[in-house]
Amino acid sequence: MAGLLASLRGSTRPATEQVLAFLAFLSLGIGVGLLLGWATGHDPGVILGDLFEGSIGSSISIGYMLTAAAPLLLVAVGAVICMRAGQFNIGQEGQVTLGAIGAGFVIFHVDASGPVTIVLAFAAAALAGAAWAFLAALLKFGRGVDIVVSSLLLVFLAEQLLTALISGDGPLHDDGDGVLGGGTASQSPRVPEKSMLPTIHVLGVDVPLAFVLALVAAVLVAWFLSSAHAGYRLRILGQNPAVAGTIGISAPRLGSLAVAASGAFAGAAGGAILMGQSFQLNPGVSSSIGWSGLLIALAARTNASVSVLLALVFGAMVAGGGLLGGDGIPVDIVNVITAAIVVALLCPPVLLAALRRRRIRRSVEA
Amino acid sequence: MNLTTDLQTILTASVPLMVPLLFAGLGEYVAQRAGTFNLSVEGMMLGSAFAAAYGASASGSPIVGLLCGMLAGLAVAFVHGNLSHRLQLNTYVVGLSLNVLVLGVTNYLLSTTVLDIPGGSAWRIPLLSELPIIGKAFFVQPWVVYLLLPLLFVIWWVRRRRIGLELRAAGDDPVAGDLTGIDVNARRRQALLFCGLCSGIGGAYLSVFQSGSFTSGMTAGRGYIVIAAVIFGGWMLRGVIGACAVFGIAQGLQLALPAIGYSVSPQLLAATPYLLALVSLALLGARSRRPLALGQPFAPAR
């Protein structure tokens, strides 16, 4: 598993080549998505125009983009932590769901002022996400169950748990308050205005609080992994568990901590979704943000700063997608583009490794 | 209410739900034995369900639909195989990204096409379909279902040939396999293609033969249930078949129990396959016959 995860990174210098390859394959992915649009009779120029207009066209659309990017970045940052520690937790989608549930319990059942509710809701969300991820770690280190499998299975359990809680007699169900036809759908009440996440006005843009938190988290995690002693131990565990064992790093302890931390970030993302985007719990509240965030971290080769960039690109797609419908273009093209980006971004290391081999062969032969 | 009719209701509801799991499960079993932890089985099923629906709708023939479905499954398998067993990319990452890609592409194409899928009729096997309890459930089904038998035969036959041994070697000890002259990565790609073919039939069954329609994300995690079934079945053929049957029944109960007059939380029933898999994994721990090199990339020395 260590070799497998190391293959995700691959430190191929020089850096310019890496950046160029990254940008080239990023554009390739976008190009493939546009190609599909073109093949089905939609002008790629219009699609691109809408995506730009809807994401960075005005200060309002920048706000939309940042709102969409925030939970993605939170999930990705968490995924970076556990991947670096060699723990292949892929259950972020479920951990996001649990986070939304945790935040929901605070919002709908705790009577407190706005700011207090928000802080408590974030805490509950992180705790719930961490607990769900910890289950997978417990199965791995306690019973030897592959964490890929256990974290994946927990995603589907989380989905059913959420549906059970918001339907029928569930504690988060919206009973409709006597509104005609209310109370039948599986959904929670709406988040009261006082618990909606505020925005911070910066340079004419209303920056959502969730994005600020996510950005701070990304910076802290990048610093932690590169410079902190504990982060160093985490990386050793990920790169070489045997060495980690001999220098006294306890894989079960540090590994579960890393998995729980990744779950906490995913959970916080769930809270951010509930309080900043959906404002209501419904069966699809996580809307694949857990999967996307995980893929961002993987496509960014578990690098926190590249994750920020990719989260912004994905956020731009989500925000820009809103305009596509107006031009008669199905919004789903956005998901094609983001998925094509992820697949394309898997390729640069292979290319760079081949280039490096060739360079070495040349220098040996010369 | 008597037991016979209750059992018949449950079985009749469950068998159609078992079928796609069985098709994809057989494929995933082969892929995993050859060492690929194939997460893209979900994408294979979804892509082929759409391709089959599209093919059947465009041509008016379910057979063309089935062929399109198999092709789509093969296409996903081809991409996965080349990315992870030629370029040595992380198979989990490739699988997850392909699933998202297929979901996006099918959703997009669905919104640009109108589907009109021709209905197929069920085969009523003489005599056997008259049997009590199991007759209606097992022997009055669309013809595609009976493709399971030749498929099973192929797997059973392959297992006792050299190729079967080579496939297992690719999954258990690729280094030793490589030393004895087996092209490990080629075997893994072939196993994946077989998985694509099987999942293709499963996907086609889902859209064309079972429901007669294609809806967004219609596989709804069936691919992941299949993966759970292979693990729950302990990577053994009869275990995998049994697990698919159990998971199919768990899904069927969701439909059958209200009809019989029991009320159980639908969410609990929907969660049953996953719970079963998790609990059995936790109890079995490392005692199963997990292929030793499952999920590990193999780069032959040059």
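A:Val149 sits in helix 7 of chain A. Helices here are DSSP runs of H or I with at least four residues, strands are runs of E with at least two, and both are numbered from the N terminus. The model is predicted: local features need pLDDT of at least 70, side-chain atom pairs count only at pLDDT 80 or more, and totals for chains, interfaces and linings use all residues. Residues are numbered from 1 along each chain as its sequence is written, while chains are lettered from A and ligands numbered from 1 in the order in which they are written.

Is A:Val149 buried or exposed? A:Val149 is buried, because 23 other C-beta atoms lie within 10 Å. The cut-offs are 20 or more other C-beta atoms within 10 Å for buried, 12 or fewer for exposed, and partly exposed in between, with C-beta atoms placed from the backbone. A:Val149 touches B:Ile231 and B:Leu281, leaving aside residues up to four places away in sequence. Contact means that the C-beta atoms of two residues, placed from the backbone, lie within 7 Å.

Now cross to chain B. B:Tyr224 belongs to helix 10 of chain B, residues 222–232. B:Tyr224 is also buried, with 22 other C-beta atoms within 10 Å. Which residues does B:Tyr224 touch, not counting residues up to four places away in sequence? They are A:Leu152, A:Phe156 and B:Glu42. B:Tyr224 and B:Gly248 are 24 residues apart in sequence, and their C-alpha atoms are 13 Å apart in space.

Step back to the whole contact. Chain A contributes 35 residues and chain B contributes 38 residues. On the side of chain A, two or more residues each come from helix 1 (2–9), helix 6 (114–143), helix 7 (147–166), helix 12 (289–299) and helix 14 (333–345). Helix 7 of chain A gives the most, with 10 residues. By class, this side of chain A has 26 nonpolar, seven polar and two charged residues. Nonpolar covers Ala, Val, Leu, Ile, Met, Phe, Trp, Tyr, Cys and Pro; charged covers Asp, Glu, Lys and Arg; the others, Gly among them, are polar.

Finally, chain A itself. Chain A has 15 helices and two strands. Of its 366 residues, 54% count as buried. In chain A, residues 24 or more positions apart account for 76% of the contacts with a separation of 6 or more. The C-alpha trace of chain A spans about 85 × 55 × 40 Å along its principal axes.
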